[in-house]
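I opened the model today to look up how its parts are laid out, and these are my notes in the order I made them.

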Amino acid sequence: MGTILRLLILAGIVWFIYSFIRRTLAQQQPPQQPPAPLMHQCAECGVHIPQHEAILFEGLYFCGETHKNNYLQRKP
Ligand SMILES: [Zn+2]
């Protein structure tokens, strides 16, 4: 068996082990995605707004002060 052929086989084995380890590591560490923000629906216009932007009033969510006021004005 020639030296070059032996080197090629060795390189192939090393590459195989390397790619196998990479694949195993990729499976163990899945890419972490940030959790989707909790959404609320505006009681006035029905648009969906994330929790940190929603205005909570008496258990109802609004997309802005304007819609909160509109809703309260219509309320008997
Ligand atoms: Zn709205």
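I began with the spacing of the domains and noted that the centres of domain 1 and domain 2, taken over C-alpha atoms, are separated by 55 Å. The domain assignment places domain 1 at 1–33 and domain 2 at 39–74, with bounds that come from an automatic or database domain assignment.

Before going further I wrote down the conventions. Residues are numbered from 1 along each chain as its sequence is written. This is a predicted model, in which local features need pLDDT of at least 70 and side-chain atom pairs count only at pLDDT 80 or more, while totals for chains, interfaces and linings use all residues.

I then checked confidence, given as pLDDT (the predictor's confidence in each residue, from 0 to 100). The mean for the protein chain is 90, and 99% of its residues reach 70 or more. Confidence is lowest in helix 1, at a mean of 90, and highest in strand 4 (residues 60–62), at 97.

Next I looked up the secondary structure, where helices (H or I, at least four residues) and strands (E, at least two) are DSSP runs numbered from the N terminus. I found 2 helices and 4 strands in the protein chain, in the order α-β-β-β-β-α along the sequence. The radius of gyration is 30 Å, well over the 11 Å that the globule rule gives for 76 residues, so the protein chain is more spread out than a compact globule; the radius is taken over C-alpha atoms, and the rule is 2.2 Å times the number of residues to the power 0.38. Along the principal axes, the C-alpha atoms fill a box of roughly 95 × 15 × 15 Å.

For burial I used counts of other C-beta atoms, placed from the backbone, within 10 Å of a residue's own: 20 or more is buried, 12 or fewer is exposed, and in between is partly exposed. Buried residues make up 5% of the 76 residues in the protein chain.

Helix 1 (residues 3–28) has 26 residues and reaches 37 Å from its first C-alpha to its last, close to the 38 Å expected, the expected span being 1.5 Å times one less than the number of residues. I counted 0 buried residues in helix 1, which is hardly covered. Trp-15 is found in this helix and is exposed, with 10 other C-beta atoms within 10 Å. From Trp-15 to Gln-41 I noted 53 Å, C-alpha to C-alpha, across 26 residues of sequence.

In strand 4 I looked at Leu-60, which counts as partly exposed with 16 C-beta neighbours inside 10 Å. Leu-60 and Gly-12 are 64 Å apart, C-alpha to C-alpha, and 48 residues apart in sequence.

My last entry concerns Glu-58, in the loop between strand 3 (55–57) and strand 4. Glu-58 has a positive phi of about 50° although it is not a glycine, and it counts as exposed with 9 C-beta neighbours inside 10 Å. Most residues other than glycine have a negative phi.
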